[in-house]
Amino acid sequence: CNSFNRFRVCAFNRRSIDPRRRAAIRSPWPEDQGLPQLMRPREPRGRSLFSRVPLLIATGFHLGRFPCAPGTVGSLAAFLLFLPFRHLHWTVHLSIVGILFAVGTYTAGRAERLLAARDPSAIIIDEVVGCWVALLAIPPHHVSLLSAFVLFRLFDVWKPFPADRAQTLPGGWGIMLDDLVAGCYANLCVRLFRWWLPGLTG
């Protein structure tokens, strides 16, 4: 009983301790384990922001968190984003694709580590790059453009060789390269369709 009473007195008197001395008192929870969430120290803001930016880019500004078919949603967003630039020269499109691929490889690898999952569906920067590759240097005819979009989604799901091998690569390379291959297949098929049916595909 005496020990319990002394504990109560110390706990009561601790409120009146100088804040500078109170900070030196050892916490009863070692390394903040068991503390409520609001009492735990926050991460440094700089580090948190540095982690959030790649995640924001890789998920298409959180568009990849769409609950249903985020890959298709990301591809559709890339397709709609391409339409205002469809009349630009193909070298400009190629430059944009190269920049997006470099940025996507880095941000997708970072996002994969932050989400602690292998090629999570929330990452859609790969769909954006793959869709633009499918549309690269395709004449701005509605049938050709829609065919490139549909074929890209087909090859992205099917993952024919070497897309199936590419996705096994580590980090952002595996995330990006399989969609790049799918985009190349779609682009090639549209070109074959245009050669076979030139009147239909423009």
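Is Asp156 buried or exposed? Asp156 is buried, at 5% relative accessibility; "buried" stands for under 20% relative accessible area, "exposed" for over 50% and "partly exposed" for what lies in between, using a 1.4 Å probe and protein chains only. Keep Asp156 in mind, as the tour comes back to it.

**Before you start**

You are looking at a predicted model, in which local features need pLDDT of at least 70 and side-chain atom pairs count only at pLDDT 80 or more, while totals for chains, interfaces and linings use all residues. Residues are numbered from 1 along each chain as its sequence is written, and side-chain values use heavy atoms, with hydrogens and water left out.

**Stop 1: the whole protein**

Show everything as a cartoon. You will find ten helices and zero strands in the protein. Here helices (H or I, at least four residues) and strands (E, at least two) are DSSP runs, numbered from the N terminus. Of the 202 residues of the protein, 35% count as buried. Next, think about contacts, meaning heavy atoms within 4.5 Å. Among the protein's contacts with a separation of 6 or more, 72% come from residues 24 or more positions apart.

**Stop 2: H6 against H7**

Select residues 125-134 for helix H6 and residues 142-158 for helix H7. Their axes come within 9 Å and cross at roughly 130°. Each axis is a line fitted to C-alpha atoms, for helices over the stretch in contact, and angles run from 0 to 180 degrees between N-to-C directions. H6 and H7 are therefore oblique to each other. On this scale, angles under 35 degrees are roughly parallel, over 145 roughly antiparallel, 65 to 115 roughly perpendicular, and the rest oblique.

The crossing of H6 and H7 is right-handed: in a right-handed crossing the near helix is turned clockwise from the far one by less than a right angle, and in a left-handed one anticlockwise.

Now show side chains. On the H6 side, pick Glu127, Gly130, Cys131 and Ala134; their partners in H7 are Ala148, Phe149, Phe152, Arg153 and Asp156. By class, this contact of H6 with H7 has five nonpolar, one polar and three charged residues. The nonpolar class holds Ala, Val, Leu, Ile, Met, Phe, Trp, Tyr, Cys and Pro, the charged class Asp, Glu, Lys and Arg, and the polar class the others, Gly among them.

**Stop 3: H6 against H9**

H6 and H9 pack at an angle of about 25°, their axes 7 Å apart. That makes H6 roughly parallel to H9, and the crossing is right-handed. From H6, the contact takes in Ile125, Asp126, Glu127, Val129, Gly130, Val133 and Ala134. From H9 come Ile175, Met176, Asp179, Leu180, Gly183, Cys184, Ala186 and Asn187. These residues of the H6 and H9 contact divide into nine nonpolar, three polar and three charged.

**Stop 4: salt bridges**

Side chains of opposite charge can pair when their charged atoms come close. A salt bridge here is a side-chain nitrogen of Lys or Arg within 4 Å of a carboxyl oxygen of Asp or Glu. How many salt bridges does this rule give? The count comes to four.

Return to Asp156 and select Lys159 with it: their side chains meet in a salt bridge at 3.2 Å, N to O. Lys159 also pairs with Asp178, where the closest N and O atoms are 2.6 Å apart. Asp178 counts as buried, at 1% relative accessibility. Shared partners join Arg153, Asp156, Lys159 and Asp178 into one network of salt bridges.

For another pair, select Arg118 and Glu112, whose closest N and O atoms are 3.6 Å apart. Glu112 is buried, with a relative accessible area of 10%, whereas Arg118 is partly exposed at 45%.

**Stop 5: backbone details**

Which peptide bond is cis, with omega near 5°? Zoom in on the bond from Phe161 to Pro162. Pro162 lies in the loop between H7 and helix H8 (163-166).

Next, go to Ala69, in the loop between helix H3 (45-58) and helix H4 (70-82). Phi of Ala69 is near 50°, a positive value in a residue other than glycine. Ala69 is partly exposed, at 39% relative accessibility.

Finish at Asp119, in the loop between helix H5 (90-115) and H6. Phi of Asp119 is also positive, near 45°, and Asp119 is partly exposed at 26% relative accessibility.
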